[in-house]
Protein chains: 2
Amino acid sequence: MMSILGNGFKPKSFFILASFLSFLLLLASSPATGQTEKPRYQDLADKIAQKGMNEGYAYSVLQKLTRIGGRLAGSAQAAAAVEIMRQEMEDLGFENVHLEPTIVGRWVRGEPEEGRIVSAKLGTIPISICALGGSISTSADGVSAQVLEVKSFEELQKLGQKARGRIIFFNRPMNPTYVDTFRAYGEAADQRVSGAAAAAKAEGVAALVRSLTFGENEFPHTGMMRYEPGVPKIPAICVSTKGANILSQALRDDPDLVVLLKTSCATLSPLTSYNVIGEIRGSEKPDEIILLGAHLDSWDLGEGAHDDGAGCAQVIDALRLLKQVELRPKRTLRGVLFMDEEFGGTGGRDYANSEQRKGEIHLAAIESDRGGFLPLGFNVGGGEAALAKVKQWEYLFKPLGLCWIKPGGGGVDISPLAASGTIMMGLVPDSQRYFDYHHCSQDVLQAVHPRELELGAIDMALLGYVLADAGI
Amino acid sequence: MMSILGNGFKPKSFFILASFLSFLLLLASSPATGQTEKPRYQDLADKIAQKGMNEGYAYSVLQKLTRIGGRLAGSAQAAAAVEIMRQEMEDLGFENVHLEPTIVGRWVRGEPEEGRIVSAKLGTIPISICALGGSISTSADGVSAQVLEVKSFEELQKLGQKARGRIIFFNRPMNPTYVDTFRAYGEAADQRVSGAAAAAKAEGVAALVRSLTFGENEFPHTGMMRYEPGVPKIPAICVSTKGANILSQALRDDPDLVVLLKTSCATLSPLTSYNVIGEIRGSEKPDEIILLGAHLDSWDLGEGAHDDGAGCAQVIDALRLLKQVELRPKRTLRGVLFMDEEFGGTGGRDYANSEQRKGEIHLAAIESDRGGFLPLGFNVGGGEAALAKVKQWEYLFKPLGLCWIKPGGGGVDISPLAASGTIMMGLVPDSQRYFDYHHCSQDVLQAVHPRELELGAIDMALLGYVLADAGI
């Protein structure tokens, strides 16, 4: 090893090390401004970590929530979830527990969907499909047509007349080479959101979209789609990745094959649902608010466990932990479980615009809506000053395994608050497994790990408290 | 927001931010020594990340390996695994592919174990058990005795005569409040390793040890146990956490109950097995070696997927990726799949002590033996200079999601190399789920996520190459 050291020695390395160590020293010594601050929060961090990991309460909240099935906005399950969570907040002794109304669109899936390839050459091959959220249904007999496979809207446009009368099959996979799976999702989601409008413009009869997930499996992934004003509405349907691969191969073997798709989804009249709200009131500035948010609605397939039952469970447990250690922050810590993130975001908008917000100042809002996986970091908006402020407390989160605090935004539900200056923040967990479960039948309780979920609850509690106590 | 900014403004925050930014600037500019170094490795990093994530080859290696079942040292499966991996290395065109012998102890489980509580008051309740590795068997009729439950060796000692003729039930759970699950494991493992010896000293007739896992489940977790010279050998048996909880409750309801335990494990004569070795030879200093290591043997329950099939798959894929991008480092990159980590560590010792090591200098060894979960960091031994050297390349790993490079050690297999000055390094993935699978029937292919596994392979490839090229 000695010769190795001699070999590898570079003064530059030591310079970097020294600079890094001095930086650490600086960081460690800097809370000397509020010298009492660091020990106080460290004690809190230790207490709630100990309590949280020992009790694993977030998972028990998630159990209650997932037991009732998917919580599509406007459904009976969503209404039940509102009541379960309101009751939970009451039982835990949260303050000012109440519901705030929001009008939600209502879309129902109807009967289980049917999809099959019908080929003179290959026979009949079933493919696993589901209607996309917001889609019109096919006729009662289904839509049956030849298929045009494309990878992009540009390709579709170039093919011109060939699209007429066909089912347009959007088969561009999510890019597996991105480490950030949300980036891969973002680049592929146009097919799901706008595929039907693009297909209709090309005179297609339906849009059939490859599931937004990595890997090959049987489970179609639903999600929101949008029609365009002035463009005919045609059915928008998702096919599992396995179904997509089978269909793509079958098209190479028999380009004349026909696909039959049958759905019976429908849009019903809107109705009133609710955001569920509970607090720990601030001792000194109760009208200054730090909001912990997640969304209570989910897709109907699966149980909405990761998306976003996990976030709801973390918000509830974060407030519970703080309540139980009997620390009251100077400002109000408010938990908001938003209704209707998946289907229009009305809960978030109505919360921000409510008459009840008058006189309230939302300093910061932290959302958890990226699944209940191992927490890796916090995104912090509001520019460099806010980031620097939060990074001051990084030492509190490191022992909890949190790796970083970076610039970035919050989530859909809290975003309408940004207009009035609220600083957006978001819990960021490991994203590698998220799209295995996202919007499909696999998003069930068993897919969430109790310890990973709880770590997120503890992180939310701690950041929430520190912000509510110290301000930002 | 303006008033918020005004409120939260602290000059200290800006000082920290400024210092941090200047540090980043320093870090970014520092590879100016070897100005060509940074872009070169960045290009490599991009290439192998792209290739690795796209192909997900590590998972296909793991499929081959897990298909044959658990690979207990000395078993037919372990022998098959040696051949499969040797062939894999040959097929991938690794250089100097060969086997190096190591004598391994051989222990067999025998018939499926039987465990039950027999109580006049409560009736007969089955509990799920398994023999611990290295244990003697019970008699053919099993051991049947009253039970003494303890949480520690100290407690057992204090109870004195009460242990005589009893089954000693070690029921101290892993501490769930530790974020680092290996710490919790370390603090509870004495029960499994030395429980039988402690029980025998107290004149107990068998040791029954609570599974080393969090949560309550049906699956007993096996693992190594050791007898002590001069102390009678009594059966060492593991009970699932659910079985342990049932038994503990039953003892409160009926302290006179009897437990029956039946095992038929046996120790057979040792035999010769092999470490499997393959390389990319160094272009300039082929006798200077960077070793990538994992262990090929596993426990017999499950498929040894996380422990340590994952590590083997990562070592293979790391070399494959580097081979395919056609970069040959200055020093030799050697993959070693060690035999017999679980049951005595003979593979690691025999590798280090082999005649074939003469003339070789092992600069560094990197082990992956903590499961195929999301990689979080690298542990780096060898003191501050080595750490600083590796931290220079941290920028290469950040885009891959790796969070940190910290002081720390490697793994069991490579540890015998430390005596000759080799710097120990270890890939450290998320540990939250590890003990759900560790040493039990649940450690199967499906428990490993292809993307998380692959990220580890890419990290290993990159660190291996950089060390082999730049030295340390």
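Colleague: At what angle does helix α11 (residues 346-353) of chain B run to β1(B)?

Modeller: In this predicted model, α11(B) lies across β1, β10, β11, β12 and β13 of chain B, contact meaning heavy atoms within 4.5 Å. Helices (H or I, at least four residues) and strands (E, at least two) are DSSP runs, numbered from the N terminus. Axes are lines fitted to C-alpha atoms, for helices over the stretch in contact, and angles run from 0 to 180 degrees between N-to-C directions. Relative to β1(B), the helix α11(B) runs at about 140°.

Colleague: At what pLDDT do side-chain atom pairs count?

Modeller: Residues are numbered from 1 along each chain as its sequence is written, whereas chains are lettered from A and ligands numbered from 1 in the order in which they are written. Side-chain values use heavy atoms, leaving out hydrogens and water; totals for chains, interfaces and linings use all residues, local features need pLDDT of at least 70, and side-chain atom pairs count only at pLDDT 80 or more.

Colleague: Which are the edge strands of the open sheet of chain B?

Modeller: The 8 strands follow the order β1-β10-β12-β11-β13-β16-β14-β15, with mixed pairing; a pair requires at least two DSSP bridges. Those pairing on one side only are β1 (95-108) and β15 (404-407).

Colleague: How are α7(A) and α8(A) oriented to each other?

Modeller: Helices α7 (residues 181-188) and α8 (residues 190-201) of chain A pack at about 5°, with axes 6 Å apart. Angles under 35 degrees count as roughly parallel, over 145 as roughly antiparallel, 65 to 115 as roughly perpendicular and the rest as oblique. The two helices α7(A) and α8(A) are therefore roughly parallel.
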